[in-house]
Amino acid sequence: MASLGWIVGVGAVGLAAGGCAYAAMWPGSRIFGDALIAPRRRGELALTFDDGPNPAWTPRLLEILASHNVHATFFLLGSHAQAEPELVRRIAAAGHLIGNHSWSHPNLALSGRARIRAELTQTCDVLEQVAGMQVRYFRPPFGARRPAALAVARELGMVPVLWNAMTSDWCDPSGERIAARLMARIDRLLKRGWAANIVLHDGGHLDAAAYRAPSLAAAGLMLGHYKRSHRFVTVDTWVA
Ligand SMILES: [Zn+2]
């Protein structure tokens with residue numbers, strides 16, 4: 001699981017602009033321990049969506065992805081999944097990859113191992129029961145500044161997943177600006193031969209029905225921009 005063949009660190013490619021404290025937790029360094037970020041694969045993009053499922057916006061997102069015939073990766077919160085099992089089933093039935101994003105979105109860098117383990121196992125239990133598939137990927141809330149959460153995830157048989165393209169989509173009202181900021185980063189990664197592991201939010205950890213129209217608009221713009229010339233993949237395709 002720790003082979004460096006597929007676990008690739010990418011240097012910090014730019015901190016998200018804007019005043020959101022969350023962006024300060026940018027995972028640009030290998031000090032986080034081995035985690036999947038993105039491989040050197042020219043032309044590949046993974047759209048990943050965090051903090052759902054969101055009954056107000058995830059159904060619309062599923063329509064957008066279906067209209068482009070693209071599969072994405074959804075890192076779901078266990079607490080939201082328990083409240084919206086039918087939506088979790090719809091995500092899985094549409095062929096998207098489902099990952100674990102903890103139960104309640106705590107800052108796991110401040111949590112002990114027992115709490116981390118409980119957050120992860122409870123979420124896997126609900127997701128596997130509802131979606132009927134094994135959950136193999138984990139994205140730590142806030143990126144996790146210390147590697148304990150990543151180590152616990154690996155002990156539980158999951159692959160920790162970070163990212164290399166993010167902006168403050170959860171607090172930016174402009175889908176165009178979100179897309180433009182992400183595309184600037186993505187283009188830099190692609191030019192250097194890296195795949196892009198892109199974070200957007202279809203949900204909200206503080207509000208289960210958080211307003212996510214700008215994030216969905218950004219996803220639609222990026223799908224339109226890259227779909228002909230690039231390949232959208234789910235993160236499991238980067239793990240041999
Ligand atoms: Zn999150």
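Select Tyr137 to begin, a residue found in strand 4 (residues 137-138), where helices (H or I, at least four residues) and strands (E, at least two) are DSSP runs numbered from the N terminus. This is a predicted model, in which local features need pLDDT of at least 70 and side-chain atom pairs count only at pLDDT 80 or more, while totals for chains, interfaces and linings use all residues. Residues are numbered from 1 along each chain as its sequence is written.

Tyr137 counts as buried because it has 22 C-beta neighbours inside 10 Å; a residue is buried if 20 or more other C-beta atoms lie within 10 Å of its own, exposed if 12 or fewer, and partly exposed in between, with C-beta atoms placed from the backbone. Leaving out residues up to four places away in sequence, Tyr137 touches Leu97, Gly99, Asn100, Met158, Val159, Val161, Val235 and Asp236, a contact being a pair of C-beta atoms, placed from the backbone, that lie within 7 Å.

Next, select strand 3 (residues 97-100), from which Leu97 and Gly99 point one way and Ile98 and Asn100 the other, all of them buried. In a regular strand the side chains alternate between the two faces of the sheet. Strand 3 pairs with strand 2 in the parallel sense over 4 bridges, where pairing requires that DSSP finds at least two bridges between two strands. Within this pair, Phe75 stands opposite Gly99.

Strand 1 and strand 2 (residues 73-76) run parallel and are joined by 4 bridges. Between them the chain passes through helix 1 (residues 58-68), and this β-α-β crossover is right-handed, meaning that, with the strands pointing away from the viewer, the path from the first strand over the helix to the second runs clockwise.

Now select strand 1 itself (residues 44-52), which is largely enclosed by the rest of the structure because 8 of its 9 residues are buried. Strand 1 is joined by 6 bridges to strand 6 (residues 196-201), running parallel to it, and by 2 bridges to strand 7 (residues 231-232), also parallel. Leu45 stands opposite Ala196 in strand 6, and its bridge partner in strand 7 is Phe232. Apart from neighbours within four places in sequence, Leu45 is in contact with Ile186, Ala195, Ala196, Ile198, Tyr226, His230 and Phe232.

Leu45 is also one of the residues with the most contacts inside the largest nonpolar core, which has 69 residues; Leu47, Leu127, Ala165, Ala196 and Ile198 are the others named. Such a core is a set of buried Ala, Val, Leu, Ile, Met, Phe, Trp, Tyr and Cys residues joined through C-beta atoms within 7 Å. Select helix 4 (residues 113-131) as well, as it gives the most to this core, with 7 residues.

For the last stop, select helix 1 together with helix 7 (residues 213-226), which pack at an angle of about 5° with their axes 10 Å apart. That makes helix 1 roughly parallel to helix 7, a term for angles under 35 degrees. The contact is made by Arg60, Leu61, Ile64 and His68 of helix 1 and by Leu216, Ala219, Gly220 and Leu223 of helix 7.

Technical notes
Contact = placed C-beta atoms within 7 Å. Axes fitted to C-alpha atoms, helices over the stretch in contact; angles between N-to-C directions. Parallel < 35°, antiparallel > 145°, perpendicular 65-115°, else oblique.
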